[in-house]
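Subject: Structure handover

Hello,

Here is the structure you were going to take over. My notes on what was found in it follow below.

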Amino acid sequence: MKRFHVHLHVRDLAQSVAFYSKLFAAEPVRLEADYAKWMLDDPRLNFAISTRGEQPGVDHLGFQVDEAEELGTLKARAEAADMALLDEGETTCCYARSDKHWVTDPQGMAWEHFHTLANIPVFNEREPSAGAACCAPKPAAPAATACCGPASTSTSTSTKSCC
């Protein structure tokens, strides 16, 4: 069975752990100095936060699977989407050893598909990479600002419709 995965970069881990623990009415199942993870069943969600990354916000999305066969199905779907696939195979990241691959959507958002094999005592076992919270492919720079972002400080009004 699949579990949706979201990984956020946060500025203050303790403050964020307190917030999400109240929001989810649950404590994290894994808590490290730079990382926390909740495994929720309703909805089925693997929600992780870390202080690793360049900008606060969504680092990557994904699906965690329980069986290797499910990972193969997700890989076939990713390949059918005609997007570049980064197959890492068995690797370590986020205090876990996993079999995983990545695909990046047309907007530059990295999607991770993975099957967790075991927990490990360190964030990863390779050289740390600058920037990304994990091993996600670097997102492409956005072509334009989002229409629903913070309002401009300008006093002029816009007639442009949004969201």
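Leu8 is buried, at a relative accessible area of 12%; buried stands for under 20% relative accessible area, exposed for over 50%, and partly exposed for what falls in between, with a 1.4 Å probe and protein chains only. Leu8 sits in strand β1. Apart from neighbours within four places in sequence, Leu8 is in contact with Tyr20, Phe47, Ala48, Ile49, Ser50, Gly57, Val58 and Asp59, where contact means heavy atoms within 4.5 Å. Ser50 lies 42 residues from Leu8 along the chain, and their C-alpha atoms are separated by 6.5 Å.

Before the rest, some conventions. This is a predicted model, in which local features need pLDDT of at least 70 and side-chain atom pairs count only at pLDDT 80 or more, while totals for chains, interfaces and linings use all residues. Residues are numbered from 1 along each chain as its sequence is written, and side-chain values use heavy atoms, with hydrogens and water left out.

Overall

The protein chain has two helices and eight strands; helices (H or I, at least four residues) and strands (E, at least two) are DSSP runs numbered from the N terminus. The order of elements from the N terminus is β-α-β-β-β-β-α-β-β-β. The chain has 163 residues, of which 38% count as buried. Of the contacts between residues at least 6 apart in sequence, 58% join residues at least 24 apart.

The sheet

The eight strands form an open sheet with mixed pairing, in the order β2-β3-β4-β1-β5-β8-β7-β6. Its edge strands are β2 (30-32) and β6, each of which pairs on one side only; two strands pair if DSSP finds at least two bridges between them. On average, neighbouring strands are turned by 20° against each other, direction ignored. Axes here are lines fitted to C-alpha atoms, for helices over the stretch in contact, and angles run from 0 to 180 degrees between N-to-C directions.

β5 and β8 are a parallel pair with five bridges, and Leu61 stands opposite Trp111 in β8. Helix α1 (residues 13-24) packs on the sheet and touches β1 (3-9), β2, β3 (35-41) and β4 (44-50), its direction making about 10° with that of β3. Helix α2 also packs on the sheet, touching β5, β6, β7 and β8, at about 20° to the direction of β7.

β6 and β7 run antiparallel and are joined by eight bridges. They form a hairpin with two residues between them, and Cys94 in the turn has a positive phi of about 55°.

Helix α1

The twelve residues of α1 reach 16 Å from first C-alpha to last, close to the 16 Å expected at 1.5 Å a residue; the expected span is 1.5 Å times one less than the number of residues. Its buried residues are Leu13, Ser16, Val17, Tyr20 and Ser21. These lie on the same side of α1, because they cover an arc of only 130° around the axis, the arc being that of the directions from the helix axis to the C-beta atoms. The face turned away from the buried side carries exposed Ala14, Gln15, Lys22 and Leu23. Asp12 caps the N-terminal end of α1, with a side-chain oxygen 3.2 Å from the backbone nitrogen of Ala14. Just after the helix, Ala25 has a positive phi of about 55°.

Helix α2

In α2, the buried residues are Glu70, Leu71, Leu74 and Ala78. They cover an arc of only 100° around the axis, which puts them on the same side of α2. Glu69 and Ala80 are exposed on the other side. The cover over the buried residues of α2 includes β5 (57-65), β6 (85-93), β7 (96-104) and β8 (110-119). Asp82, which follows α2, has a positive phi near 55°.

His101

His101 lies in strand β7 and is buried, with a relative accessible area of 2%. Asp87 stands opposite His101. The side chains of His101 and His113 are joined by a polar contact of 2.9 Å. A polar contact is a pair of N or O atoms within 3.5 Å; within protein, one must be able to donate a hydrogen and the other to accept it, and residues adjacent in sequence count only if both atoms are side-chain atoms. Beyond neighbours within four places in sequence, the contacts of His101 include Leu71, Leu74, Lys75 and Ala78, along with Trp111 and Glu112.

Regards
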